[in-house]
Amino acid sequence: MTHSLSLRTWTQRGASVCVAVLMGTAALVVGGPGSGRSGIPSAGAATIAAVSASKSKCPSGSAPGITSGQVTVAATIIDITGSSLSNATVGVPSTQAQEADYNLVAKKINSEGGAGCRKIVMKFYDVNPVDAANAQQACLTIAASQPYIVLDSGALTEVGAAACIPQHHVLLASQYLTPDDLTTERPYALDIGGNAQQEARTGILAAHQLGYFSAAKGFKKLGVLYHTCTAGTLSIEQSALAAAKVPTKDVDYFNMACPAGQSDTSASMEQAVLSFKNAGVTDVTEAGVNDWGLFSQVAQQQNYTPHYVLTDSAQAASNFTGPDAPNPTNFNGSVDLVEGGYGEATTPGFTPSAATKACNAIYAAGGQPSVYKQLDGYGGVVCDYLWFVQALLNHASSVQSSAQLTSMHKVGVVQFSYPFAPINFSTAPTGSGYGVAEWRAVFYHASCKCWQVPDPTFKPSAA
């Protein structure tokens, strides 16, 4: 990572690209400063196959932001200004393109009867995540406007500025809610993916299931990089390694401290590389560290070639070239146990899932490229967020905001579009604000400087 806010981590389970602005999808009514911009997507034809509603009736009751005919859905729009960074420099679509994507998908959902028998009305709020004061003010503005639910793909949650929304008893859906968020903001904080910290456990147990901690694959000792500011993840990983029966004597931990923005320096990486090399570490993984491009570059300089066994690392969502890309020779053959669709777009002949095809059809109808053609699949993220709202309300008996945590556990499996994995919201622990993601292995190839998927089948979490 090269940006202090780890902007690329927004793309781990979905994120960002420059796409053309769809003209004529919906008329946008621009409000005054801070009031949000709104659009009511009109109805169309066809159906989305990705979300199984199975509803017996429309949810009843009343709550702020929802009527018998409409539901107000707010979306944060990433708007990076006032610094050396911009939307373009970090691979995020323009604000207009982000809004166009949301309006296009909402229009399609409305053509099918909406969410919980209600038409979706979108409201948009610009957020500059590199400006803490701006992000906090955006949170307060959104909360004060009282939408029914807020969709945040990281602009607020990734920088810790979203708490005021659930504190105002407004539903907040994001894939970047921490376990602490889900506890302290229950029942208004809903993670539309799996528990972020549990990814480490899933990945370690998946690696064990595939035999990566066995002598048959050349394993002798595992090196684990960690930050002190991700102690919770380290604890989960240690528990998972014990469950995978990896002896403690065969695990070497290296403390990367807690660097600003969790971006590690070349000097700290050189110390880690030399420590692992001298300790006879054959396989390397992490607990909350994603600077594998830098690690592999330093490792190559030190003639150290470990096998990388990553657990849903954001590296699979990163660009494959540039100063923070991995050294292709050193990184060749790396495996990443991912809870997402990354690797599909660079796998020759890969057949998209039915959900990805459904999302692609929405964009094709509006003259947009497929989600594979959109850097990091931003359009797919929009499909997934709005399909989550549709599934949530289609399985609700009441629209009361505090009741939606219970509704989420009735949803079952949602076959999300790329770049998400299928999520089972019914098998998560009772009362939890997240689902259980499925996983599969992707592999890095030096020949294309890319990740590829040899087996498209997602497997149930072993956690």
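For this tour, contact means heavy atoms within 4.5 Å. Keep in mind that what you are looking at is a predicted model.

Stop 1: Select L225 and show what surrounds it. Leaving out residues up to four places away in sequence, L225 touches F254, M256, M269, A272, F276, T285, E286, A287, V289, W292 and F295.

**Stop 2: helix 8.** Select residues 292-301. Is this helix mostly covered or mostly open? Mostly covered: seven of the 10 residues in helix 8 are buried. Those seven are W292, G293, L294, F295, S296, V298 and A299. To see what covers them, show strand 8 (222-226), helix 7 (266-279), strand 10 (283-287), strand 11 (307-311) and helix 9 (328-331), which are included in the cover. Then step just past the end of helix 8 to N303, where phi is positive, at about 55°.

**Stop 3: the disulfides.** Number the bonded cysteines along the chain and the pairing reads 1-2, 3-4, 5-6, 7-8, 9-10.

- Zoom in on C229 and C258, whose sulfur atoms sit 2.3 Å apart in a disulfide. This link is right-handed, with 110° about the S-S bond. C229 is in the loop between strand 8 and helix 6 (231-243), and C258 is in the loop between strand 9 (251-255) and helix 7, so the pair ties together parts 29 residues apart in sequence. C229 is partly exposed at 34% relative accessibility, and C258 is partly exposed at 41%.
- Move on to C359 and C383, a disulfide with its sulfur atoms 2.1 Å apart. It is right-handed too, with 90° about the S-S bond. C359 is in helix 10 (residues 354-365) and C383 in helix 11, 24 residues apart, so distant parts of the chain are linked. C359 is buried at 0% relative accessibility, and C383 is buried at 0% as well.
- Finish at C448 and C450, joined S to S at 1.9 Å. The torsion about their S-S bond is about -80°, so this disulfide is left-handed. C448 is partly exposed at 32% relative accessibility, while C450 is buried at 3%.

Notes
Residues are numbered from 1 along each chain as its sequence is written. This is a predicted model: local features need pLDDT of at least 70, side-chain atom pairs count only at pLDDT 80 or more; totals for chains, interfaces and linings use all residues. Side-chain values use heavy atoms; hydrogens and water are left out. Buried means under 20% relative accessible area, exposed over 50%, partly exposed in between (1.4 Å probe, protein chains only). Helices (H or I, at least four residues) and strands (E, at least two) are DSSP runs, numbered from the N terminus. A disulfide is a pair of cysteine sulfur atoms within 2.5 Å.
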